[in-house]
Amino acid sequence: MPVHFRNYIDGHWAGALSGRTFENRNPADRNDLIGLFPASGADDVDRAVAAAKQAFPRWRLVPAPKRGEMLYRVGELLKKHKEELARVETREMGKILKETRGDVQEGIDCAFYVAGEGRRLFGETTPSELPDKFAMSVRAPIGVCALITPWNFPLAIPTWKLFPALICGNTVILKPAEDTPHTAVRFVELLEEAGVPPGVVNLVHGRGEETGAALVRHPEVKLVSFTGSATVGREIAAVCGRDLRRVSLELGGKNAQIVMEDADLELALEGALWGAFGTTGQRCTATSRLIVHRDVRKRLTDMLVARAEKIKIGSGLDESVEMGPLINHAAREKVQRYIGIGQQEGARLVIGGSSYEEGKCADGYFFRPTIFDNVAPSMRIAQEEIFGPVLSIIEIKSFEEAIEVLNGTLYGLSSSIYTQDVGRAFRAMRDIEAGITYINGPTIGAEVHLPFGGVKDTGNGHREAGTTVYDIFSEWKAIYVDYSGKLQKAQIDNVE
Ligand code: UN1
């Protein structure tokens with residue numbers, strides 16, 4: 001008998017009103033059915049939004065330090081359940097245990113970081129231009145927020161959105177990716193255990209096209225925070241833009257690591273391997289282009305191939321495995337399609353390029369670490385997000401060319417440069433068009449107390465994490481207190 005999981009609406013666990021469900025299977029082993037989850041419709045979304053709306057007036061008046069205390073409790077619970085959550089994640093998402101432990105750790109860090117914000121949420125006080133008048137700015141919550149999250153960081157990304165939303169006094173509906181609903185259930189169970197009041201956090205499962213779309217269209221949803229593809233991000237922005245509802249988008253990337261001729265090649269090698277093949281290349285921040293100076297291109301490529309060949313592929317639950325499967329069948333088809341495109345474009349496939357089906361892996365969506373050489377910057381494999389373990393090597397002749405190639409895509413999330421030259425490093429920090437730049441480090445590894453997000457088609461100008469995330473989840477209000485006891489006109493209206 002399959003396990004039935006539920007939505008969480010107004011403090012109650014329940015199936016979809018229609019009774020419909022969808023399956024969640026282990027991407028490392030299709031025969032492993034994790035359970036059935038509600039395929040929520042617009043009616044379920046209506047109920048969740050009504051619950052969040054009803055809970056908002058009370059929640060917004062809970063003192064922020066108290067909301068913070070609740071997040072400390074959530075952080076403690078995440079710590080206590082770290083190993084169990086990591087295993088739940090690996091089973092439904094595929095990435096190796098070391099990485100899912102890291103994913104949970106990111107959620108723990110986020111809980112403690114945001115909990116402290118309950119005692120800050122600073123505004124400003126500033127002198128008024130008039131006597132006996134006081135001026136300040138404060139943050140106010142927005143209302144009901146829809147959080148639509150991806151499968152690649154099934155715990156961390158929901159925490160990035162949900163904790164700041166709550167600390168600012170909003171109520172939320174979480175719609176996790178249909179590939180990773182189990183982690184979301186465990187997360188919400190822990191929120192419930194920590195004492196989150198009914199209606200403040202609601203969980204609805206389902207597909208983006210149905211459940212996500214109903215949430216986005218709902219007029220009572222005052223903010224949508226979405227992480228996913230640029231195509232879907234555009235649609236969400238268009239729908240919400242029509243009624244001027246706030247949208248925060250975290251979209252695609254085509255991140256590059258530059259390796260100059262003066263780089264420490266061993267270091268650059270480790271960075272490229274981790275950036276390209278960590279999480280099976282399924283991070284928004286993954287390295288998909290390696291822009292290498294011609295003097296070291298051949299050597300670095302050989303070093304990469306020698307190491308990529310040895311990467312152990314298999315179920316992420318096996319501690320000795322280094323790379324898990326892709327998330328699902330469609331993802332593997334997409335990666336395979338790009339291998340064909342790369343070959344047709346004239347790139348040289350150096351290693352990989354096909355599914356990995358040895359032994360037990362035949363039942364999962366495994367793919368070999370893949371490296372293309374002789375890639376031209378304009379090729380589709382160097383321009384489009386593949387979201388798999390595929391690295392394209394592009395040769396350049398100068399620092400200027402490296403920066404031009406790096407900047408020559410529609411996206412701008414993460415970036416990196418390996419060089420020993422401090423002048424080049426600073427020019428790169430200035431000239432790279434990206435939300436994140438690493439010097440002598442891989443493109444992955446963002447910390448939760450720094451802004452996370454990107455330029456160009458990677459988003460719409462917002463930054464999650466850092467101190468910037470509170471600007472997504474709050475409205476600024478300017479307040480003037482006149483204690484002069486008379487009408488004081490502002491300076492502009494005091495015509496002498
Ligand atoms: C993502 O892939 O969407 O910087 C998030 C990193 C992680 C977060 C990645 N801390 O790789």
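Biologist: How many salt bridges does a search of the whole structure find?
Modeller: The search finds 34 salt bridges. Please keep in mind that this is a predicted model.

Biologist: What is the idea behind such a pair?
Modeller: Side chains of opposite charge can pair when their charged atoms come close.

Biologist: Which side chain meets Arg101 in a salt bridge?
Modeller: The partner of Arg101 is Glu83, with 2.8 Å from N to O.

Biologist: Now the sheets. What is the strand order in the open sheet of seven strands?
Modeller: The order is β14-β15-β16-β13-β12-β18-β19, and the pairing is mixed.

Biologist: Which strands stand at the edges there?
Modeller: Those are β14 (348-351) and β19. Each has a single partner strand, so one side of each is left without a neighbour in the sheet. The twist in this sheet averages 20° from one strand to the next.

Biologist: Do β15 and β16 run parallel or antiparallel?
Modeller: Strand β15 (residues 370-373) and strand β16 (residues 390-396) run parallel, and three bridges join them. Within this pairing, Ile371 has Leu391 of β16 as its bridge partner.

Biologist: And what holds strands together in general?
Modeller: Strands of a sheet pair through backbone hydrogen bonds, either parallel or antiparallel.

Biologist: What about the open sheet of three strands: what is its order?
Modeller: That sheet has the order β5-β6-β23, with antiparallel pairing. Its edges are β5 (124-127) and β23 (474-482); each has a single partner strand, so one side of each lacks a neighbour in the sheet. Neighbouring strands here are turned by 20° against each other on average, direction ignored.

Biologist: How many bridges join β5 to β6?
Modeller: Four bridges join β5 to strand β6 (residues 133-141). In one of these strands, β6, Met136 is the bridge partner of Thr125.

Biologist: Changing topic: which residues make the nonpolar surface patch of about 380 Å²?
Modeller: The patch is made by Val422, Phe426, Met429 and Ile439. Helix α13 (residues 422-431) gives the largest share, three residues.

Biologist: Last topic, the aromatic rings. How many aromatic pairs are there?
Modeller: The count comes to seven aromatic pairs. Ring pairs link Phe5, Phe22 and Phe37 into a cluster.

Biologist: Which charged residue sits over the ring of Phe153?
Modeller: That is Lys95, whose charged end is 3.7 Å from the ring centre. Arg67 lies over the face of Trp59, at 6.0 Å from the centre of that ring.

Technical notes:
Residues are numbered from 1 along each chain as its sequence is written. This is a predicted model: local features need pLDDT of at least 70, side-chain atom pairs count only at pLDDT 80 or more; totals for chains, interfaces and linings use all residues. Side-chain values use heavy atoms; hydrogens and water are left out. Two strands pair if DSSP finds at least two bridges between them. Helices (H or I, at least four residues) and strands (E, at least two) are DSSP runs, numbered from the N terminus. Axes are lines fitted to C-alpha atoms, for helices over the stretch in contact, and angles run from 0 to 180 degrees between N-to-C directions. Rings of Phe, Tyr and Trp (its six-membered ring) pair if their centres lie within 6.5 Å; planes under 30 degrees apart count as stacked, over 60 as edge-to-face and the rest as tilted. A charge sits over a ring if NZ of Lys or CZ of Arg is within 6 Å of the ring centre and within 35 degrees of the ring normal. Patches are made of residues with over 30% relative accessible area and no salt bridge: like charges are joined within 9 Å, nonpolar side chains (Val, Leu, Ile, Met, Phe, Trp, Tyr) within 5 Å. Accessible areas come from the Shrake-Rupley method with a 1.4 Å probe; for residues, only the protein chains shown count as cover. A salt bridge is a side-chain nitrogen of Lys or Arg within 4 Å of a carboxyl oxygen of Asp or Glu.
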